[in-house]
Amino acid sequence: MERINMFLVKYAEIGTKGKNRYVFEEILCKRIRNRIKTLGEFDVRRDFGRIYVEARSDFDYDTCVDYLTKIFGITGICPVTVGEKEDYSFVSQAAIQHMQAAFDDYDFSFKVHCRRTDKTFPMNSMEIEAEIGHDLLEKYESEGLHVDVHDPDVMVEVEIRDKVYVYSKVLPGPGGLPVGTNGKAVSLLSGGIDSPVATYMIAKRGVEMHAVYYNSPPYTSQRALEKVQKLGTIVSQYAGPIALHVVNFTEIQLAIYDNCPHDELTIIMKRFMFRMAQDIARLEGADCLITGESIGQVSSQTMQSLGVIEDAVNIPVYRPVIGMDKQEIVDYSERIGTFETSIEPYEDCCTIFVAKHPVTKPKLEVIKRHEKKLEGIIEPLYEKALKEKQIVILK
């Protein structure tokens with residue numbers, strides 16, 4: 001069986017970028033190179049509206065496909081057979097080689113579609129389609145191959161460019177835009193179901209992600225931190241490396257617990273979380289915060305609560321799952337592979353310090369008045385937590 005050593009990368013949204021398209025293509029090529037560089041030697045190149053990934057050494061085909069189909073910006077990859085184009089016999093040979101490499105059996109319908117970018121080639125597109133269709137039938141009809149020009153099972157694509165490129169399968173990718181084309185963001189990442197999905201969704205728009213996790217030892221275990229790191233690593237398969245900022249938040253939480261009304265614990269705690277995430281965003285040159293909040297899901301996610309919490313910062317806060325119900329978020333998490341990790345029974349700091357009867361309609365002026373009780377107490381704790389935070393690169 002012939003070995004396939006090349007992939008054609010398909011994209012969608014990048015194609016609408018007009019004069020800036022090449023910038024997006026170059027960033028996508030860079031992301032591809034970085035993602036697969038450990039698998040072997042590859043040539044990643046742009047060529048007249050196409051991106052090709054060609055192996056120059058032995059490589060693990062299945063792993064390479066898995067990596068490529070998780071890169072944001074790619075809608076699909078096509079395993080390609082490459083041939084010369086001295087005359088039609090070379091084109092036919094490439095088509096036959098491709099069928100041998102791509103399929104184990106031939107009991108399906110097909111149609112040939114040709115694009116002839118090189119107009120000096122002596123046959124036009126329709127003639128090439130007819131001849132290749134004839135040659136493939138002659139070789140494989142006895143094994144079940146048959147033509148269906150209206151609704152074929154397989155479309156055999158032939159492109160006549162600098163060489164002959166033949167492909168017939170599109171292995172779907174995640175779509176979106178290449179990470180690095182739309183700035184940076186800091187995601188408040190917990191061990192739950194929602195925040196990894198929110199992080200994924202914003203990264204899919206081309207945003208480079210940092211994340212912050214608030215650790216509360218000894219009330220939360222090392223396993224809780226490991227769970228969050230695992231979730232971030234799963235998302236990084238799509239988003240690229242994620243810098244996880246681990247902040248020990250216990251002393252701040254205890255100060256809030258000792259000095260503020262218990263029904264307001266979650267609101268005040270999250271206001272300080274947002275403030276610290278904003279400080280981290282400024283340190284890292286990030287433009288916004290990302291959360292997994294969904295309206296009405298818990299007491300701190302009512303419309304009133306969300307407004308009071310967001311008042312603590314002055315940079316944008318984006319909540320991509322804000323209008324999704326829990327089952328929709330669960331479905332999304334299953335699709336991207338985070339769900340099974342999210343439901344592991346290791347609680348984070350928010351669930352540990354939740355009040356029995358939390359306020360659901362907090363008033364901003366009341367919250368601010370109660371926060372004043374923390375003046376002179378929380379500032380050194382806050383600075384200490386920020387200074388002693390650790391950064392773990394997830395990839």
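Guide: Glu-84 is partly exposed, at 37% relative accessibility. That label lies between buried, under 20% relative accessible area, and exposed, over 50% (1.4 Å probe, protein chains only). The model is predicted, so local features need pLDDT of at least 70 and side-chain atom pairs count only at pLDDT 80 or more, while totals for chains, interfaces and linings use all residues. Residues are numbered from 1 along each chain as its sequence is written, and side-chain values use heavy atoms, without hydrogens and water.

The side chain of Glu-84 meets that of Lys-163 in a salt bridge, at 3.7 Å from N to O. The term asks for a side-chain nitrogen of Lys or Arg within 4 Å of a carboxyl oxygen of Asp or Glu. Glu-84 lies in the loop between β4 (76-83) and α3 (88-102), and Lys-163 in the loop between β7 (154-160) and β8 (164-167), so the pair ties together parts that are 79 residues apart in sequence. These elements are DSSP runs numbered from the N terminus: helices (H or I) of at least four residues, strands (E) of at least two. Lys-163 is also partly exposed: its relative accessible area is 32%.

Next, a buried pair. Arg-271 and Glu-371 form a salt bridge through their side chains, at 2.6 Å from N to O. Arg-271 is in helix α8 and Glu-371 in helix α13 (residues 364-371), so this link joins distant parts of the chain, 100 residues apart. Both residues are buried.

Helix α13 also holds Lys-368. The side chain of Lys-368 meets that of Asp-311 in a salt bridge of 3.6 Å, N to O. Asp-311 is in the loop between α9 and β14 (317-318), so this pair ties together parts 57 residues apart in sequence. Asp-311 is partly exposed, with a relative accessible area of 33%. Lys-368 is partly exposed too, at 39%.

Salt bridges also form a network. It links Arg-50, Arg-115, Glu-157, Glu-159 and Arg-161. In total, the count is 26 salt bridges. In general, side chains of opposite charge can pair when their charged atoms come close.
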